[in-house]
Amino acid sequence: MSPVIRPDIKTLFHIDPTWFEKNGRDLREEMHAALCDECRALYPTPDDARVVDRVHPLTAQVTRVDALWECLADHCARRPEFITPATPLTTAIFRALLANGNTPLSSEQLHKRIRKSNPAGILRVLLGTEIENGVMPFEES
Amino acid sequence: MASSDFWSAIGTTAADSERAYAFLLERGDAASSREIAAHLIEWRVREEQKRLAEAAARRAPIYQPKATYPVGQHLIFSELDHREGVVTQVRASDNARLAPFQVIAVQLEGETAPREFAMEYTAPHPLNAEREGLTEITLRPEEAIAKYGETVRTALLQRLNADKEFVRLDDGWFLRGLLPEIHAGYLNLAEAAIEQSNDALRTADLLKIFEFPDTIKRTAAAFALNVALSNDGRFEDVGPSNNPRWFLTRLEPAEARERPKILEVAPTRQFTLPGELQTIATELQDEADLNGDANGAPAPPRDEITLILTYPHRRAGTLPLTPAVRALLPQFEHPRLRFHFVDATTQEKFAGYAIKDGYYIAGLPNWFNARKLSPGAYITLKRGSDPLTVLIEHQAQRERGLWVRVARGVNGQLTFAQEKRPIAHKSDEEMLIVIGDPVGLEAAAQKAHEHHSLATLLEEIFPELAKLSGAGRVHAKTLYSAVNLIRRAGPRAVLHALTESRALSSAGGGYFVLNETHR
């Protein structure tokens, strides 16, 4: 039996897609709701967005990815209104993970990206009694 | 020539931290940030030259997303560790959000499946920037160190400070994992040794007392000991720059630990004085004129300086640490420098402390008392035989009765009288004031703090001093010496207040008189 590790500000979190299925919610709907007006005009519904080419910001390598995610990561997330001081903390955490392509982030890293609360405060929210937007500790398989 | 980006990036990356780590590991000894920065520059220049040579040998262009490449073209991918690949296919892009571009399939060396990369992609991208760094590095490493060393050092310091693997002491850096253990027993021994010698001891002296195993490098042991001592509140480095000397804080005199209240002075503006008063201000060396900044006024090196004692320093047992006085001592970065005064007449030796942020020298109450010095006494400081020795003399003379100004506090007012008093030292006649009643002066000082501006205070003191002079004139130096009995003020502030006073006028030669309307 593996030892129980107490989560700390370095513990990684991600969005668990299965949580959305189990809770009758649609992750792609949520992603679509986070799009900026410009991207929403391009993809009026989640179904309009399929797979597109994404150019890596450092290597220029091209990969085929979900258009919603490409828009969020490479366009919407770079706009100031994506996460503002008025954005609720749980929404800001969810959006920061979306912008990171759901690559797991720790409370410390999330704090650097969303500039809200503090790493310990974010950890407390993530470990709260209710799971918000499917954000859970990341377990490497 | 490499781009400025190439040089400004040195010292900023994780690879640089790792290289600094390896450098210290190989060296097995602490290094200054300058040495580490120089090593990084040499290393990065060598790496860049090697990379350029490899790229030139392969004769393949560096991949840039904005360029156009035909099938069969060989390319170098700088962001993929400079691996080489060949273009195998070209297709149109598929992304409605982006302007159309081409996508090339590239077979990279050592990989089985091709990867795709953007081509004719004109959107802003770091790889589309002009890559001057790849053209040539014309600077030799020593030239690069001279030109970019300080920039690299600044960037490096940020990284090293944030990395717990590195330990810093002043500008020395070492690896935490390589520090020899300094246990509590060693520190207790150090405390006993310093107490017994009643003097500051060098790190090397302390190491001789400990019996460290021979396997431990002396310099590494010295660094570890310096780190341990600096982290223990019992000890303080009171040595010159780069020459730690350890002393016990509990053995330091109170006036060296904390700035005496009587030396505290309110910050003042910089004043321009008329020529005559400017000469007087220059003669009166007083740290109160520094306004907490001694850096802007470097003093030429001198071997000797004569100071005129003022009442605040007489009471505190201190002397001003002006740039000229500081030039007699070695450079120091820590809060205190412990050195030795040697009385030029008696050869008596005693400790002095130069206080960096307080701009004063402590350790003189007994010396002042034994010589019965009054404010106005001349004190000469001379460079000693070694950097940590300063000769001190007070220009003694046969004791004789002299008619002098005697200050007292009466009902909270500063008063002066001409009395015959025994004086056994030479002094500045204008500044000599014998203290008749220290307790009364204290009460007058309290009252002066509560109620008066400097100009008002001078106007109040003036008649008291003028009555002692037949002509009703008072010298600016006398007023400066007198006002400092009850209010700490620098010469420039006092002289400026005199020039601003409506009640007082200059009579030439540094003397002031009361205007007719105020008599």
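Guide: Two strands pair if DSSP finds at least two bridges between them; strands (E, at least two residues) and helices (H or I, at least four) are DSSP runs, numbered from the N terminus. This is a predicted model, in which local features need pLDDT of at least 70 and side-chain atom pairs count only at pLDDT 80 or more, while totals for chains, interfaces and linings use all residues. Residues are numbered from 1 along each chain as its sequence is written, with chains lettered from A and ligands numbered from 1 in the order in which they are written.

Visitor: In what order do the strands of the open three-stranded sheet of chain A lie?

Guide: The pairing in this sheet is antiparallel. Strand 4 (105-106) and strand 5 (135-137) of chain A each have a single partner strand, so one side of each is left without a neighbour in the sheet. The order is 4-1-5.

Visitor: Which residue is the bridge partner of Ile15(A) in strand 5 of chain A?

Guide: Strand 1 (residues 12-15) of chain A is joined to strand 5 of chain A by three bridges, and the two run antiparallel. In strand 5 of chain A, Ile15(A) has as its bridge partner Val135(A).

Visitor: Which element of chain A supplies the largest share of the side that touches chain B?

Guide: Contact here means C-beta atoms, placed from the backbone, within 7 Å, and 12 residues of chain A are in contact with 17 residues of chain B. Helix 3 (37-42), strand 2 (51-55) and strand 3 (61-66) of chain A each supply at least two residues of that side. The largest share, three residues, comes from strand 2 of chain A.

Visitor: Which residue of strand 5 of chain B stands opposite Gln61(A)?

Guide: Strand 3 of chain A and strand 5 (residues 115-119) of chain B run antiparallel and are joined by two bridges. Opposite Gln61(A) stands Phe117(B).

Visitor: Which element of chain B has the highest mean pLDDT?

Guide: pLDDT is the predictor's confidence in each residue, from 0 to 100, and its mean over chain B is 87. Among the elements of chain B, the lowest mean (74) belongs to helix 1 (residues 4-9). The highest, 97, belongs to strand 5 of chain B.

Visitor: What ipTM and pTM does the predictor give the complex?

Guide: Chain B has 94% of its residues at pLDDT 70 or more. For the complex, the predictor gives a pTM of 0.63 and an ipTM of 0.84.

Note on methods: Two residues are in contact if their C-beta atoms, placed from the backbone, lie within 7 Å.
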